[in-house]
Structures are given as C-alpha cells and as structure tokens.
Amino acid sequence: DCTVTEFGETVGRIAWTPGNPGTLVVEGVIFFDGELMMTDSRSAVYSGEGVIYVSKKIKVASSRQLCAVSACDPGSWDPNTTLLVLISGATDVPAIEMDNNAKFQGGVYAVGGFKLQNSATMQGPVIADVVDVQNNGFAHAWPPLTGVFDGLPTTGTPETTVELLPDWSG
C-alpha cells in the first residue's frame, strides 16, 4: 500500500491484496518510470478512480484480467464511479498491447499505438495514434462516461491564478 498526500489530501494511492482474483486499489495519479507488464495468468478486480502513467510500454497478456467488476461483466460496470486509465508515453507502435485472452475494463491512452489481438477483450475508451485490432481482438461496448477526473491528459489550457501580495519591508 503506497499513498502520497499533498496538504493533507491524497493525490495518489495504489494498494494490492493478493488472491484469486486479487484486489487493486487505485486513486489519483500514479507514475511508473519504465514498463508495465501484466503477463501471467492472475486476475484482479480494481476499485477507485485513478490513472497510471507509464514512461514506456504497457502489455496485458496471457489471460490476465484487470477489471472493475468480477469476471469483467459489462452489465454491472459503472465507469463513472470506478475507472482505471492506463497511459503510455512511449511512441512505439504498439505502446500498449493486449493479447492472448487478456481482458481489461477501463481506458487506455497511447502516445504511440494500441494493439488488441488473439482473443483479447478491451472494454472502455481507447485513444491512440494507431489502433490495430486483429486475430479475434474484441473491442467491447462500455457504459456511457459522463465525466472525467483530475489527472487525465487534456488538450485544454491549464488555469493559473496569480494573486498580488501586499508590499512589505523588513
């Protein structure tokens, strides 16, 4: 369990409880300086609203399931209350890859490309420079997303507030 606070507020938290499936808690913004590889056959159910930034590639493979609800049931997932977004800063094509029966329920954003193949299932929004779906890759529909949370990439201009302080002399 790792929590980062700023001025008493949690800005990022990630916690793992092993099991079958395991439980992953994600809140706020998390950054990994490297690759994120989920390639064994373990599964996890996550809770919270969070975004994981990865400086290199992301791979979900080999029957790995990372979902907001048990068994990745699309009918019971509400992305407006439970949403994990994986973001790869790599320019590779693919920068994010899902294959070999893997399942992910959440969002992905790839600076480079996204590849879905070999009976893998993606349930959620995908933003990428290149999207490649092949060999029974399945992009499943997801419930409507009515809002987003802080920490996600944006094309908007950040707001800056400047406040003049009274002069003082010492």
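This report describes the fold, surface, salt bridges and backbone features of one protein model.

## Basis of the model

The model is predicted: local features need pLDDT of at least 70, side-chain atom pairs count only at pLDDT 80 or more, and totals for chains, interfaces and linings use all residues. Residues are numbered from 1 along each chain as its sequence is written, and side-chain values use heavy atoms, with hydrogens and water left out.

## Overall build

The protein has 15 strands and zero helices. Both kinds of element are DSSP runs numbered from the N terminus: helices are H or I with at least four residues, strands are E with at least two. Along the principal axes, the C-alpha atoms fill a box of roughly 70 × 35 × 30 Å.

The protein holds 170 residues, and 38% of them count as buried. Buried means under 20% relative accessible area, exposed means over 50%, and partly exposed lies in between (1.4 Å probe, protein chains only). A contact means heavy atoms within 4.5 Å. Among contacts with a separation of 6 or more, 35% come from residues 24 or more positions apart.

## Surface and charge

The accessible surface comes to about 9800 Å². Carbon and sulfur atoms hold 51% of that surface. Such areas come from the Shrake-Rupley method with a 1.4 Å probe; for residues, only the protein chains shown count as cover.

Val126, Val131 and Val133 make a nonpolar surface patch of about 210 Å². Patches consist of residues with over 30% relative accessible area and no salt bridge; like charges are joined within 9 Å, and nonpolar side chains (Val, Leu, Ile, Met, Phe, Trp, Tyr) within 5 Å. Val126 lies in strand β14, residues 126–134. Val126 is partly exposed, at 31% relative accessible area.

The protein carries 8 positive and 19 negative charges. Lys and Arg count as positive, Asp and Glu as negative; His and the chain ends are not counted. Each charge is placed at NZ of Lys, CZ of Arg, CG of Asp or CD of Glu.

## Salt bridges

Side chains of opposite charge can pair when their charged atoms come close. The whole structure has five salt bridges. A salt bridge is a side-chain nitrogen of Lys or Arg within 4 Å of a carboxyl oxygen of Asp or Glu.

One of them joins Glu27 and Arg13, with the closest N and O atoms 3.5 Å apart. This pair links distant parts of the chain: Glu27 is in strand β3 (residues 22–32) and Arg13 in strand β2 (residues 9–17), 14 residues apart. Glu27 is partly exposed at 31%. Arg13 is partly exposed at 22%.

Asp40 takes part in two pairings. Asp40 bridges to Arg42, with the closest N and O atoms 3.1 Å apart. Asp40 also meets Arg64, at 3.0 Å from N to O. The Arg64 pair links distant parts of the chain: Arg64 is in the loop between β7 (58–60) and β8 (65–67), and Asp40 is in the loop between β4 (36–38) and β5, 24 residues apart. Arg64 is buried, at 11% relative accessible area. Salt bridges that share partners also join Asp1, Arg13 and Glu27 into one network. Asp40 is partly exposed at 27%, and Arg42 is partly exposed at 49%.

## Two buried residues

Ser43 sits in strand β5, residues 43–47. Ser43 is buried, at 14%. Beyond its neighbours within four places in sequence, Ser43 contacts Trp16, Pro21, Gly22, Ser63, Arg64 and Gln65. The C-alpha atom of Ser43 is 9.0 Å from that of Ala71, 28 residues away along the chain. Ala71 is exposed at 59%, in the loop between β8 and β9 (83–88).

Asp99 lies in the loop between β10 (96–98) and β11 (103–105). Asp99 is buried, at 5%.

## Backbone features

Most residues other than glycine have a negative phi, and most peptide bonds are trans. The bond from Asn20 to Pro21 is cis, with omega near 5 degrees. Pro21 is in the loop between β2 and β3. Val93 and Pro94 are also joined by a cis peptide bond, with omega about 5 degrees. Pro94 is in the loop between β9 and β10.

Ser63 is not a glycine, yet has a positive phi of about 65 degrees. Ser63 lies in the loop between β7 and β8 and is partly exposed at 34%. Asn135 has a positive phi of about 50 degrees. Asn135 is in the loop between β14 and β15 (138–140).
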